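The terms are defined where they are used.

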Amino acid sequence: MRSTPPSAWSRPTSDELIALVDEADRVIEVVTRAEARARGASARHRACYVAVLTSADELVVHRRADWKDVYPGYWDVCFGGVLGADEGWDEAAHRELLEEAGVDVPLALLGIASWEAPDARLNGRVYLGRSDGPFTCPDGEVVEVATVPLPELDAWLTDHDVCPDSVDLVVPRLPR
């Protein structure tokens, strides 16, 4: 968990160090975020995904800032992001949730999976937290928050541009 005040948070920088990993999640190289992005799909990395449900079993969704380098302006069904080179999975999940949503709650691991697209490959862990907020989104990566009742999620997904990695990794693991 993170105790750094919101004023100390900043956007991820291109010189931030991240670990490149193999399919078994063994670190093979540490590079800058910029180098990983430049390598595209050849730069398998680690990312965490944190779905949040309210006490009414509504999924907390959000719209990403337009300045994000991946899926700018898209909606997302979870909070999360790339792990730092020396960061543990649970630590990263708590950090991302606190930075992006402004909440700090216990998290349960829902699953471990990999994901691939023409321009990206990653090893991920999916977590679930429960919170009714308030969702303050202190780091500026999130520009809008909404909730979607779980029975209405499929319809909501068809009406919004949503980050495909989150849809593939998170949605199948949600309690329904």
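## Terms and source

A residue is called buried under 20% relative accessible area, exposed over 50%, and partly exposed in between (1.4 Å probe, protein chains only). This is a predicted model, in which local features need pLDDT of at least 70 and side-chain atom pairs count only at pLDDT 80 or more, while totals for chains, interfaces and linings use all residues. Residues are numbered from 1 along each chain as its sequence is written, and side-chain values use heavy atoms, with hydrogens and water left out.

## Fold

The protein has four helices and nine strands, taken as DSSP runs (helices H or I, at least four residues; strands E, at least two) and numbered from the N terminus. Their order from the N terminus is β-β-α-β-β-β-β-α-β-β-β-α-α.

Of the 176 residues, 49% count as buried. Among contacts (heavy atoms within 4.5 Å) between residues at least 6 apart in sequence, 65% join residues at least 24 apart.

## Aromatic pairs

Rings of Phe, Tyr and Trp (its six-membered ring) pair if their centres lie within 6.5 Å; planes under 30 degrees apart are stacked, over 60 edge-to-face, and the rest tilted. The whole structure holds two aromatic pairs. Tyr-71 and Tyr-74 form a tilted pair, 5.2 Å centre to centre with 50° between the planes. Tyr-74 is partly exposed, at 30% relative accessible area.

Trp-75 and Trp-156 pair edge-to-face, 5.7 Å centre to centre with 90° between the planes. Trp-75 lies in strand β5 (residues 75-76) and Trp-156 in helix α3 (residues 153-158), 81 residues apart. Trp-75 is buried at 11% relative accessibility, and Trp-156 is buried at 11%.
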